[in-house]
Structure formats: structure tokens, C-alpha cells
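Good morning, and thank you for coming.

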Amino acid sequence: MLQIQHLTKSYGDKKAVDDLSLHIAPGEIYGFIGHNGAGKTTTLKACAGILPFEEGQILIAGQDMKARPLDCKQQMAYIPDNPDLYEFMSGIRFLNFIGDVFRVEPTVRRERIHKYAQMLEIEGDLAQPLSAFSHGMKQKLALIAAWIHEPKLILMDEPFVGLDPKASHLLKALMHEHCDKGGAIFFSTHVLDVAEKLCDKVAIIKEGRLIASGSMQEVKGNASLEDVFLELEDEHA
Amino acid sequence: MLKVLLRTRMEALLSVLTGASRTKKAQSRGKLIGFACLMILSLVSLGTLFSRIFEVIGPAFRMAGLGWLYFAFAAVMTFSLMLIGNVFTAKAQLYEAKDNDLLLSMPIKPIHILLSRLFLLLVLALVFALPVAIPALMYWPGELSAAGWAAFLISFFLILPLLNVVLSALLGWLIHLAAARARNKSLISLLISLVFLGVYMYFSFQMNSMLTDLAANPAGLERALGSAAPLVWIGEGVVNGELLRVLLLLAASLAIFALAMLLLSRTFIQTATARGSGAKKRYVERTAKARSPRAALLNMELRRLWGLPAYMLNGALGVFFVVIAAVVLLIKGKALTSMPEWPMLAPMLQPLFVVLLCFMGVTIILTAPSISLEGRSLWLPKSMPVSTWDILSAKLQLHLVLAVPAVLLCAAIMAFVLEYKGAVLFLLFALPTVNVLFIALLGLFENLRHPNFNWINETQAVKSGMSVLVTMFVGMGFSALPVLAYLLLSKYLSMEAVGFGMLGLMLLLCALLFLWLRKKGTALFDAL
């Protein structure tokens, strides 16, 4: 579903991502961990088509991001760490805008908005302007916007930040449901317990370079993910 | 701590004004000099307008022995300009700044946050004082004593700015409170802004007759302003060198400023962090009408314009100007064209109105801040399955959809009232329309080259961006170019030939800008 091959992205002289390669297959929940500034957000943004990159290739469902960016974006959704949405719109207008851009048929769109907004308990707030939404409510709206066109691949940057425990629980269920249907999820997180329980595979990045990747069992063995992460960080210091 | 805040505030202002980029490259000296030149040009243009007023009333007031009234009137004009310029900035700076929460969470006294923001207003008030106070002094036919000079400087550059900052902050606070309690904040802000603007425009339209009345009968103004002691003190202080009362006024202004500070600091946290108590709008589930992605992008841009009063007022105000001009022309057109002092201008009247319409078109500036306004939500258009050109062309379309019909309506009414025929009739429709297209393309070109995402509220992006200033001045320059070209080439070329030459030049520039936007512009947007 997502193939990252030798990705390199620099900001000036500094390499934010250095020769990174990953493969996320359909049905997988893939966790991406690393300390602050390790290159997680840059990688996710490059995969989402937000940031141009100098070297390497990103393939979404077999399509090259550089050659066919619109086809790639049509098949995926991206949720940033800070959901800065269009504050001049109401919740429902924003969702309809996303529905229009991703060409979701109006009746299907209505059903999905109803389903997810009710599930995340923000249906009653959808007529409110986004400027009146709290961080958590915006995060929930960003989740609905991501799920509204049923993408094959969902990219999420710290998706659990700002969500209440119930919404976090629901998000985990939604992630499993999405992957059970053949979709894939690639997300970054600092919450290692969540990554350990939720992910099928995990990648650890440090200073833009991949220092470990594979199935959860392969990476952590019998230790906890936290111990392995800290150990690897020290090894590559 | 206050010093640090003041420095941050000035850095933020400069960064927004000069278009500091995301790449955090240092501003080039050329860019800063260019920006300073633009600012000076704006102030000189405004100063020229006020010069005309003082040039007319100065001798009349001197002859009537009402020197104090001349300076009292100048004080009123200075204060009014400061207020118009500062009141919405005060609201945005004090209560809608996006960094209020961050600053309030730090060990900083609220009064220091308040003072740092008020300092910025004070700087702006001083800038607004220049184009009125300097012409008032230049066109006063009498001479001032040393004490008179001191009274002038203290009055116009200390007392008036201090009082203006107090009033702007209080009015900004009231507008913010009114908007916070309303369900539709944008609409309330827009309505209040339009009321302000309406009053301002009313006085602008009445200026000619007011000036004639003032020059002929200063006693009327004396009766009106004579009862306002502070204005009498300022006027007499400057003309007669009576410094003591001006110093008393300064002490009173400082006391009022301190009192206002005390009041504002007590309510600052509550007001700045208020989330509004407007009634919650009920969501009714319904099936939306589907739009194509391109239509959805244009609709989103329209929503942005409607949802941001600052954008509407600063960017689309020209649309109102053009429509109002069309209506005024329809009602008073015949009277305007048969004014006795105009017969010698009669052959040039029709081309001059074409130039005037081009000028009015320049006041519509929607694309110039449009990239900066994406701000932190820039990730949204970039992650959507729409081409970069579609994103940019939605911004161009917003400009054209609003500006072109207004300009064409005004042109049609001009054609009817002034009975245009032949080549000039064609130019009447073609030149202003192409000019609107040029401004739209130029604004987008400029904003792609100088985007700014560091603003703390939308007003900063809309009002103070370098791209906005450059677009406005270049647009005005191009609107004036046919007049200049005709004045220089009238021996060799007819007015129509100059008009067609200008049309050709504008079309060529539009084509070049269009090609740049399609190729380099899209690449620049992708790299943001």
C-alpha cells in the first residue's frame, strides 16, 4: 500500500530524512516512533504529498507520488499533529468541502458523517464554527474528514494527542476496522504503550535514519517496546 | 520583561510587513529599503490630500484671526485619522491575538502584555499623525514661537497619540465584547466596520462643501469647537505659545492613559480569553449539494472572505466603492459632466473616467494576501487531490468573480451617462477589466514571492503584508500610466492610440504573469 524507497529530504544543509525505506502492506497498522525532531513528521508529510523531497520514491497503491500526486492523494488521508482547519467554516461545511474535493457522493457522505460524528459524539456541534471548537473536537473532525472518503491509506501524526479516553478507544477500533477491510495505517506516536498494543509493525527513526523496523515481535522480542526504544537510542547515540 | 515583549512586538510587525519567509532567511537590505520607500510613498500621498485642505483654510483662518481654530481643526483631523487607522488594529492586537494564551501562561504580568501591545498602537498612531500634522504646520501662513513649536510637538506627537491609544483600546474592547456575544461574529464585526467606514466616507464626500464653508465662515467652526477646552488649549498653545495649558493637558492625558491601563489590565485576561456566549446553532442533518472540486475550492475562498471581516474590509471594499460610484454617477452623472469649470476638460472627460475606473479597480485586492491567509492550514490544500493550479486559480477566480461584474456595471453606467462611442467605448470596458485581471495576477505573483505565515491574527496578513502594498502601488502606477503617456506623447499620438497601447501592454503583462504562475508559481506553492 505504501512503499517508501530511499527517501531523502533536506532543509538547507540538514538532512531531516536520510535514505529511509519502508513498506506498509494492506491490512497493516504501522507505528512510527522516534524522539522529537527525528524526522517522523517530515516523512509523513512527504508521503502525504505536502513536502517535496529530493531523492527516493514514494509509491501509494503502486502509484508514484512524484509522477501522479493527485491519484496518490485521492487514495489516502492525512491527519496532522495539530488540526489547523478552516476556522471560518462550520464543522458540517468543512466536511462537505472535503466530501466535494474527494468526490464523495452526497448521500454516501451524509451517511458517513452521521455514522462517525455520532460515534465521536460531535454531531450536535457540527453547525458550530470551527473557531468555537476545542482542540479535541477539531481532532475528531479531522478524523471524520479522513474517514469520509474511505481512503486505502491513512497517515496520522500523533493522532491520540488531544483526544479524550473514549475517543482514543474509538479511534483504535476505527483503525482496526479500516485495516480489516484491507486498508493500511501509518502513524507516528510518542505513546509507546499504545504503539505496542496497536501496531502490527513498527519503525524507529533517529536523526532521519531508520534504526529498526519490522513486526512488533521482531523489533521488541520479549522486552517492552519502551526498553528497546531507549536501548536503540543509546546504541545509535 | 516589558522590554523583551516590546522587541518581540516590533519584530513581529516588521516580519509581517516585510514578508519574512518560512525559511527564516534574513531580510535583504534591498527589500527593507523597498518597503520603507512604499511606506513613505503612502504617507506622502495621504499628506498631499491633507495639504490641499490646509492650503485652502490656512489663509482664511489667519485673516479672520482664528489661528487657534486652524490648529484645533488640524488636531481633530489628526485624531480622526489615527482612530480610523487604529481602532480595528486595537481589537485585533489586544483581544484576538493568537499568542495571548501563550503569553498569559508565562510569568508575565498581564499589564506588560497590554502595554507591549499598546506600544505598537502608539507607534502606529504616531505614523498616522505625520500626514496631517506636517501639512498643517507647512501650510500655516503665520510664524510660530519656540514655545508654539514645543506646544505643537507635545500636542500632536504626545497628547493626541496617547488619547487615541486609550480611545482605540476602549472602542476595540467594546467591539470585541459585542462580537463575542453575537452568534455571527463576522457579521457583527463587518457591520460595525461598515458603520465606521460609512461615517468616514460621508465626511470624505462632504469635504469639498465643508472646506468652502470653513474658508468662508470660520465662525461656525469656532462655535462648534470653541466649547471644547482641550482643543482651544492646543490651538492657542501652538499659535500664541501658551505652553502651560498644553503641559496641563499632557499631564491629564498621562493620567487618563494610566487610568485606562488600570481598567484594561483588570479585564484583559477575561476579555482576551472569552469564548463567546452566543446561542449554539442547532445542526440539522441534510444531504448537501455536490460540487466539483474546483467549485468547492472557489466556494471555500468565498467563505473565507465572508468569514474574515478584515479580509472583506481591506480586500473587497473596492467592490463597494465601484458599485457606489456607479450609483452616484447614475443619479448625478449629468450634473457632474455639465459643471461650469469643466468645459476645457470636456474632450478628455471620457478617457479620464476610464482611468478613474481603473484606479477604483486597484482598491480591490483579494489575491495579494490570499497565500498568507492559508497560514497554519496550508497542509489542507496541499494534501488534497487537487492540482496546485486549481488551488491558485480559485484565488484568482474569487478576485475576478467579485471585481469584474462591479467594474463592468460601472462601465455600462458610464457609457450610458457620458454617452461613450466608438473606440473609447471599447476601451471603457476593456481597460478596467484587463486592469482587474492584472491586479489579480500581480497580487498572487507577489504573495507567492513574499508569503507570510507568521501573523498573530488575520488582520495582520490582510492589512500589512508587503505583497498587498506592492500590488496596490504598482496597480496605481499602471492606472496613472496612460495619463502620463498621453501628457508626454500627445503631439504624436491620440488618446485612443495611447489607450490601445496601454491595453496591449497590460495584456502582455497579464500573459507573462499567467505563464509565470502556471510554471514557477505552482512550483513555489508546492515548496512552501
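Which residue in β4(A) is the bridge partner of A:Leu2? The partner is A:Ile60.

Let me state the conventions. This is a predicted model, in which local features need pLDDT of at least 70 and side-chain atom pairs count only at pLDDT 80 or more, while totals for chains, interfaces and linings use all residues. Residues are numbered from 1 along each chain as its sequence is written, chains are lettered from A and ligands numbered from 1 in the order in which they are written, and side-chain values use heavy atoms, with hydrogens and water left out. Helices (H or I, at least four residues) and strands (E, at least two) are DSSP runs, numbered from the N terminus. Two strands pair if DSSP finds at least two bridges between them.

I turn to the sheet that holds A:Leu2. In chain A, four strands form an open sheet in the order β2-β1-β4-β5, and their pairing is antiparallel. Strands β2 (14–24) and β5 (63–64) of chain A stand at the edges with a single partner strand each, so one side of each is left without a neighbour in the sheet.

Strand β1 of chain A, residues 2–11, is joined to β2(A) by seven bridges, and to β4(A) by five. In β2(A), A:Leu2 has A:Ile24 as its bridge partner. β4(A) and β5(A) pair over two bridges, and A:Leu59 has its partner, A:Asp64, in β5(A). The hairpin of these two strands has two residues between them, and A:Ala61 there takes a positive phi near 50 degrees.

Helix α1 of chain A (40–47) lies across β1, β2 and β4 of chain A, at about 120 degrees to β1(A). Such angles run from 0 to 180 degrees between N-to-C directions, and the axes are lines fitted to C-alpha atoms, for helices over the stretch in contact. Contact means heavy atoms within 4.5 Å.

Next comes another sheet of chain A. Six strands form this open sheet, ordered β6-β7-β8-β3-β9-β10, with mixed pairing. Its edge strands, β6 (76–79) and β10 (209–215) of chain A, each pair on one side only. From one strand to the next, the twist averages 15 degrees. β7 (153–157) and β8 (184–188) of chain A pair in the parallel sense over five bridges, and A:Leu153 has A:Ala184 as its bridge partner in β8(A). Helix α5 of chain A (135–147) packs on this sheet and touches β6 and β7 of chain A. Helix α6 of chain A (165–180) also packs there, touching β3, β7 and β8 of chain A, and makes about 140 degrees with β8(A).

Finally, how many residues of chain B are in contact with chain A? There are 34, and they meet 40 residues of chain A. The buried area between the two chains is about 3400 Å², with 63% given by carbon and sulfur atoms. Buried area is the accessible area (1.4 Å probe) that two parts lose on being put together, summed over both. In chain B, B:Tyr283, B:Trp379 and B:Pro385 lose the most area to chain A, together 23% of what that side buries. The elements giving two or more residues to that side are α11 (293–307), α15 (379–383) and α20 (495–527) of chain B. The largest share, seven residues, comes from α11(B).
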